[in-house]
Each structure stands twice: as C-alpha cells, then as structure tokens.
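Colleague: I would like to learn how to read a model like this one. Can we take it feature by feature?

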Amino acid sequence: MAENQEAVEPGQLAVVRADVDGVAVLGVRGEIDYHSVGALTRAMPPADPTTGPRLVVDLSEVTFMDSSGVNALVAAHHATTAAQGWLRLAGAHGPVLRTVQLVGLDAVAPCHPTVAAALAA
C-alpha cells in the first residue's frame with residue numbers, strides 16, 4: 001500500500017491516497033468547497049485506458065461539500081467510466097450524504113457505508 005498526502009492549511013481539506021490491490025482509495029478530511037476542491041482533483045488517479053481506473057472516495061471525515069465537490073466527483077465518475085473503470089463512494093453521512101442523494105450522485109456512483117464495503121462490492 002502506498003500513501004500520498006497533500007499538505008493543506010488546518011481546517012481546510014486533506015486528501016490521503018492509498019493504493020489497495022490496484023484500487024486508488026482517497027481518504028478525504030475537512031470541507032470540500034470552491035477553495036479546497038483542487039486538493040481533491042489533484043489526488044484523483046490519471047485515467048488508464050488499458051486497466052481502467054478503480055477509485056473509492058472515503059467521505060467519512062468530510063463535514064461539508066458544496067457543488068464544487070459534487071462536480072469533482074461527477075468528473076471523476078465520467079473519467080473512470082470512460083476508461084472502463086469505476087468510482088465508488090464510502091462513508092458519506094449527514095449533510096454530505098444528503099447532498100449526494102439530492103443531486104442523484106448515488107445513482108451513478110454507488111455509496112457504501114465503509115471503504116471495506118466499497119472495495120468488496
């Protein structure tokens with residue numbers, strides 16, 4: 001398992017990337033908004049047309065997500081499916097889960113209660 005973390009200001013967004021059996025797992029902590037979404041998009045794996053990127057985004061420690069975060073996840077979904085891969089969300093709860101459900105993101109990127117459940121699906 002390899003991990004990468006982008007340094008961010010306290011109270012902002014932190015993203016830790018781990019590779020688990022060929023699946024990129026992004027652990028996200030903090031608030032995803034217009035000012036912080038760049039950390040999330042930079043952590044996304046590049047599209048690999050030969051194997052297709054497989055991506056799990058762990059939202060369990062995200063306390064707020066606006067349309068910038070939704071747009072980043074929709075873009076990740078489009079990129080992964082275009083490359084024959086997939087995107088799964090894990091751990092979303094409270095207002096973040098409500099946002100995901102309101103915009104219908106859970107209809108295209110399955111939501112799972114934990115990262116382990118997302119990896120096993």
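Modeller: We go from the fold to the side chains. Keep in mind that this is a predicted model.

Colleague: How many helices and strands does the protein chain have?

Modeller: Five helices and six strands make up its secondary structure. Then read their order. Along the sequence the protein chain runs β-β-β-α-β-α-β-α-α-β-α.

Colleague: What share of the contacts joins residues at least 24 apart?

Modeller: Take contacts between residues at least 6 apart in sequence; 61% of those in the protein chain join residues at least 24 apart.

Colleague: And burial? What percentage of the residues in the protein chain is buried?

Modeller: The protein chain has 121 residues, and 43% of them are buried.

Colleague: Which residue forms a salt bridge with Asp19?

Modeller: Arg17 does, with the closest N and O atoms 3.3 Å apart. That pair counts as a salt bridge because its separation falls within the 4 Å cut-off. The structure holds one salt bridge.

Colleague: Why is Asp19 classed as partly exposed?

Modeller: Its relative accessible area is 31%. Buried would need under 20%, exposed over 50%, so Asp19 falls in between.

Terms used
Residues are numbered from 1 along each chain as its sequence is written. This is a predicted model: local features need pLDDT of at least 70, side-chain atom pairs count only at pLDDT 80 or more; totals for chains, interfaces and linings use all residues. Side-chain values use heavy atoms; hydrogens and water are left out. Helices (H or I, at least four residues) and strands (E, at least two) are DSSP runs, numbered from the N terminus. Buried means under 20% relative accessible area, exposed over 50%, partly exposed in between (1.4 Å probe, protein chains only). Contact means heavy atoms within 4.5 Å. A salt bridge is a side-chain nitrogen of Lys or Arg within 4 Å of a carboxyl oxygen of Asp or Glu.
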